[in-house]
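Dear colleague,

Please find below the structure that I am handing over to you. My notes on it follow directly after.

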Amino acid sequence: MEFTGAQIFVKSLLELKAKTIFGYPGGVVLPLYDELFKNPELRHILVRHEQGAVHMADGYARATGDVGVALVTSGPGATNAVTGIATAYMDSVPIVVFTGQVPTALIGNDAFQEADIIGITRPCVKHSYLVRNVKDLARTIAEAFYIASTGKPGPVVVDLPKDVITTSCEYHFPTKVSIRSYSPTRVGHPRQIAKLADILCEAKNPVLYVGGGAIASGASEELAKLATITKTPVTETLMGLGSFPSDHELNLGMLGMHGTYRANMAITDADLIVALGARFDDRVTGKLDEFAPNATIAQIDIDPTAISKNVKCHLPVVGNLKENLSKLNDIIAKRTIDWDKKGAPWLATIAKWKAENALKYSQKKESIKPQFVLEIINEITGGDAIYTTEVGQNQMWAAQYLKLNEPRTFLTSGGLGTMGFGFPAAIGAQAAFPDKVVIGIAGDGSIQMNMQEMTTAVQSRLPVIIVILNNGFLGMVRQWQELFYDGRYAYSCMEAQPDFVKLAEAHGALGFRVTKPAEVKPTIEKAIKARRPTLIDCVVDREENVYPMVPAGAPINKMLLA
Amino acid sequence: MKHTISVLVENKFGVLARVSGLFSGRGFNIESLAVAPTLDPSTSRMTIITRGSDAIIEQITKQLHKLIDVIKVVDHTKEEHVEREIALAKVNAEPSNRAEILRMTEIFRGKIVDVSSKTYTLEVTGTGSKIDAFLEMLKPLGILEIARSGKVAMTRGRKSLG
């Protein structure tokens, strides 16, 4: 039987077990929307801006591990999606973005709402397709999902010209996808893994440096096993947060520019760094020449380009982290070593660093410290929540203070650092887990970048909670200006602000303002009970800084501590 | 150091843009690039001449591999291989210098592929340095135009790219 491209689109998505699409209709995608209308089992969430749609699909994917799906129209619909695609690319998030395109006969003619979205997104996609024949559509969609979700995950763009979705053909969904030029390595070389076990057994000051790959591959259990058996301390990158419980005695917290004192000291003094799904980003390493001068670097990564990109790797293992860690654990289990005795001196040194300089702030009676708000959130949720962040101070405090028990509970734009990510990502996560508490930590600057999505949350009945740490500044910019530009606050002060409470209400959401420390807890509790989209405008100390801080270009053991 | 890299890719719309975009986006340099389909019309072969430290070249080959449409990448630099380039040169052919042009072309084992009342068009193949030398010799005779192909390369012996 023959089906139109639009029907094949919906059938293929259902075949792939997609449940939710985040999208925005427009001229050339009307045939797709007509089919979505007829197939309500595929839930469509109507956004207010295409950037929001892609961040929501991204948040959905980060929270679930499944492929997130967004659908936008041609031209401006597609170009609005670009920031979302680039965000997912930098953080290796599996999403498929369907873009409408003008009919094939018009491509290249500067047609109405035409944009070369394949060209525009080429540097920020894992792969992309312009479908030129309806006969290729089902296979292309299957390939797009396969490529997005396997190997190192990433975004795939599928551009759908209008004539392709209106033409009919026989429908056969491929039972198996095989792409001759694409077969990601899963298992590393056994000899390399054995060597890694050897050096771990010999190391005096080892550190497990864990990145987003631990979450993408679902390696938390294997990681916990390796760390606890070998008594090796763990430090996480921003993207790795949640892969190992925050409160675990072996967890040093985040490392890097705003990492903890003990994490940065431990990395600097390490004689072995085992990088697990982490890519030695500049925010992690600080000054490269002085990064971990005495350490042997071992690395397990699915992405061969991540090996020795910034820091020379002495022992690479290319492959899926979960599988390779499991193999490593098998080897380790056979070694007869008194790990407690071996690890004691190193852990004692780390405990001393922790005692010297733990994360701290001083909450006084009058004004609210942003860190205090995050600690109250910990107290209320006990970690049973999904958090998202925006970018800047709010993100760094959230990374430092939120207690995470599980992977996929801390969703943040780490690589691209996209302001405006957190709120739509929270909506996406809530769409995946309607009964969970989802809290978006925001700054007053970031929230204004995608505030329009509040109506999306209201229309789709997604009870996300946004907590704005409102200091009236672009806080991280102001902090840099204070420290490195002699306090000249060039255009970082948000002198005029909307009344966020009224704005929330205008969108049909609940809004609360909190100005005193004592109000923080009852207000957040009220918001959680309300089960409605809620915005809490927390007016916090205006000039609080994020510490520790490693100035750009300095080695990471040279931290400003206050 | 200069490297000669052969890349076997899917012969599809947009693949050249993905490869060239990778080089420009990551700040890698391309000295020359030659592309044509292989015996199997579903694949194309690219020969890329690039420069960089060992670390950069390692990144280049890995990044190329990472592109979904790339099937195989071979860096010929560290193995025995042959490299060839073709050049066409249009030169002034005055009665006074025609004999000299012919002699040069013969020495370099080139061919005259087009003749007009005032010009000769010459073809020569060889390594880049041979072509450089040929053009150098022609210069005093008056070159009007040149076109060089970019290199193609192949490993010596039985090993093949596919």
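Between them, chain B and chain A bury about 1500 Å², and 51% of this area is on carbon and sulfur atoms. Please bear in mind that the model is a predicted one, and that every value here is computed from it. The size of an interface is often given as the accessible area lost when the parts come together. Chain B brings 18 residues to the contact, and chain A brings 19 residues.

Three salt bridges are counted between chain B and chain A. In one salt bridge, the side chain of Arg180(A) meets that of Asp40(B), at 3.9 Å from N to O. On the side of chain B that touches chain A, at least two residues each come from helix H1 (15–25), helix H2 (54–66) and strand S4 (70–75) of chain B. Of the elements of chain B, H2(B) gives the most to this side, with five residues. Sorted by class, the side of chain B that touches chain A holds eight charged, five polar and five nonpolar residues.

Glu83(B) belongs to strand S5 of chain B, which covers residues 81–92. Is Glu83(B) buried or exposed? Its relative accessible area is 18%, and because buried means under 20%, Glu83(B) is buried. Setting aside residues up to four places away in sequence, Glu83(B) touches Thr4(B), Gly126(B), Thr127(B), Lys151(B), Val152(B) and Ala153(B). Glu83(B) and Thr127(B) are 44 residues apart in sequence, yet their C-alpha atoms are 6.0 Å apart in space. The side chain of Glu83(B) makes a polar contact of 2.6 Å with the side chain of Thr4(B). A further polar contact, of 2.9 Å, links the side chains of Glu83(B) and His81(B).

Which residues of helix H5 (residues 82–90) of chain A are buried? They are Val82(A), Gly84(A), Ile85(A), Ala86(A), Thr87(A) and Ala88(A). After H5(A) comes Ser92(A), which has a positive phi, near 55°.

With kind regards

How values were computed: Residues are numbered from 1 along each chain as its sequence is written. Chains are lettered from A and ligands numbered from 1 in the order in which they are written. This is a predicted model: local features need pLDDT of at least 70, side-chain atom pairs count only at pLDDT 80 or more; totals for chains, interfaces and linings use all residues. Side-chain values use heavy atoms; hydrogens and water are left out. Helices (H or I, at least four residues) and strands (E, at least two) are DSSP runs, numbered from the N terminus. Buried means under 20% relative accessible area, exposed over 50%, partly exposed in between (1.4 Å probe, protein chains only). Contact means heavy atoms within 4.5 Å. A polar contact is a pair of N or O atoms within 3.5 Å; within protein, one must be able to donate a hydrogen and the other to accept it, and residues adjacent in sequence count only if both atoms are side-chain atoms. Buried area is the accessible area (1.4 Å probe) that two parts lose on being put together, summed over both. A salt bridge is a side-chain nitrogen of Lys or Arg within 4 Å of a carboxyl oxygen of Asp or Glu. Ala, Val, Leu, Ile, Met, Phe, Trp, Tyr, Cys and Pro count as nonpolar, Asp, Glu, Lys and Arg as charged, and the others, Gly among them, as polar.
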